[in-house]
Amino acid sequence: MYVTRRAFVGLGAAAGVTVLGGRSATWFTGAPLAGRAQSAGNEARLTSVDGRLDVELVASEQWIALAGAPARLWSFNGQVPGPLLEVAAGDDVRIRLSNDLSESTNLHFHGLHVPPDGTADNIFLAVPPGEALAYVFRIPENHPAGLFWLHPHLHGSVARQVSLGLAAPLVIRGALDAIPEVAAAREHILVLQDFALDRLGRPVDPGMSALMAGREGSLVTVSGQARPRYAVEQDGLLRLRLLNASVSRFYRLSLEDHPLHIIATDGGSLAAPQRVEELLLAPGERRDVLVQGVRAGGSYRLMNLPYPRGSAGMMGGALGTRTPFEIATVVYEGRAGSPVGVPHTLGEMERLPSGPLRRTFVLSEAMGMVPGRGMGMRFLINGREFDHARIDDRVRLGDVEDWEYVNTTDMDHPMHVHTNAFQRVGADGQAQPAWLDGVVVPARGRARIRIRFTDFAGTAVQHCHILDHEDLGMMSTVKIEP
Ligand code: C2O
Ligand code: CU
Ligand code: CU
């Protein structure tokens, strides 16, 4: 059954739907500021009912109202970004992907700890045009609460399909949402996407050097809007759940005159909020932050600050944001009935035990053929391009391993691992207590992670989440053996 928001409202009354966690997120639009109408169809939320989420996602091409102007995009259910899926740990999920596009596509559940094979998070499946496929799996009972997302993952087409709009957030509600301060916060999900469109709203092909650098579009949207406004109450809390669903763009975010209190990273809650003045969000990554309404009033810009993500050499020059720009605004509106502060603690946080360095992955580039475009740059892990038929690494279920990435190129590669979250290893050899599924390996630099393989055997992958690099070869297989 395909539950639309409208159908769900009707069903909810009849079925006595339980509200998961605290106050549910305001979705899509900035705060419904007084008198500001939401555009029709913008509130697409598919929520599990009685432990089941059974929905259909139709991938198709059409004109979408994006940032107030028509854009010819690819969408799930006519929405860019796609509908918000809301589930809880232990839920049974069935998502039928119906492909109305003119080419094959598929789904990946980014960050979810579910099997990498069968009809679960299996990126080796493909859905040809005109066909449909049901992804069926259970969210483990002990799955952390957090923000995850869905996007196509068909090797060779991922960057283009995501750049055209195919992405949808998925929230797992749980313990974090039940913390009183967090539950009291006004919650918004901010899906950061960028688009390269012509004046008529039609997508523009990036061209070879943009593929090498990783394509960036000049139109940056936040949940489909340009510079939305989010309301915060004086003495209240605002919860911004940030997801970078852009193909290649990095965001270095800072809110004027307000620190950000990070309460969760990619894979779930921290032990305690971490106060920062700014944060870097590489492609694929998520951060959940609280903003405290500590000012007397006014409006404050959420800025994207300059971040050099490397250089594409003679062909492309310096990459990344050079001039700061505003991506959203936080506006004071009203006063909290009773003041709410940032919580002191959030829960238990395990630190993975130290182990020996088990694998090194050297990231490099080389000239090669780019399908349909001639000679260009290819991207490699340990000297090889992705081959789905090859097993690159074999690991054991239950093991904890340290991996080191060595970047021999002049640009950052945000590496991402499927199926199991990991922790970053600091200079002291200790795991930093935050669950991640992405790590930036800086240009000419290194990064070390610690990862534990639990629950699911099967063939997973890791790759650069500059999705053009993934399509150009920077992905490898990791077979998890029982
Ligand atoms: Cu979001 Cu394999 O990626
Ligand atoms: Cu992923
Ligand atoms: Cu890369």
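Visitor: Is H416 buried or exposed?
Guide: This is a predicted model: local features need pLDDT of at least 70, side-chain atom pairs count only at pLDDT 80 or more, totals for chains, interfaces and linings use all residues, and side-chain values use heavy atoms, with hydrogens and water left out. Residues are numbered from 1 along each chain as its sequence is written; chains are lettered from A and ligands numbered from 1 in the order in which they are written. Buried means under 20% relative accessible area, exposed over 50%, partly exposed in between (1.4 Å probe, protein chains only). H416 has a relative accessible area of 2%, so H416 is buried.

Visitor: Which residues coordinate the copper ion (ligand 2)?
Guide: Donors are N, O and S atoms within 2.8 Å of the metal (3.2 Å for Na, K and Ca); water is not among the atoms, so sites may look incomplete. At 1.9 Å from the ion, two NE2 atoms qualify, those of H108 and H416.

Visitor: How many residues apart is this pair?
Guide: Strands (E, at least two residues) and helices (H or I, at least four) are DSSP runs, numbered from the N terminus. H108 sits in strand β6 (residues 108-110) and H416 in strand β27 (residues 413-417). The pair links distant parts of the chain, 308 residues apart.

Visitor: Which residue in β3 does S60 stand opposite?
Guide: Strand β2 (residues 52-66) pairs with β3 in the antiparallel sense, over eight bridges. Opposite S60 stands S75.

Visitor: By what angle are neighbouring strands of the five-strand sheet turned on average?
Guide: This open sheet runs β24-β23-β26-β30-β28, with mixed pairing. Its edge strands, β24 (374-381) and β28 (422-424), each pair on one side only.

Visitor: What is the bridge partner of Y405 in β30?
Guide: Strand β26 (residues 400-407) and strand β30 (residues 446-452) run antiparallel, joined by seven bridges. Y405 has as its partner A447.

Visitor: Which element gives the largest share of the lining of the largest pocket?
Guide: On a 1 Å grid over the protein atoms alone, a pocket is an open set of points where a 1.4 Å probe fits, with protein on both sides within 12 Å along at least five of seven lines; lining residues have an atom within 4 Å of a point. Here 27 residues line the largest pocket, with N142, H143, P144, G267 and W435 nearest its centre. Two or more lining residues come from α3 (175-178) and from β16 (268-276). The largest share, three residues, comes from β16.

Visitor: How many residues lie between β15 and β16 in their hairpin?
Guide: Strand β15 (residues 260-265) pairs with β16 in the antiparallel sense over five bridges. L260 stands opposite V276. Between the strands of the hairpin, the count of residues is two.

Conventions
Two strands pair if DSSP finds at least two bridges between them.
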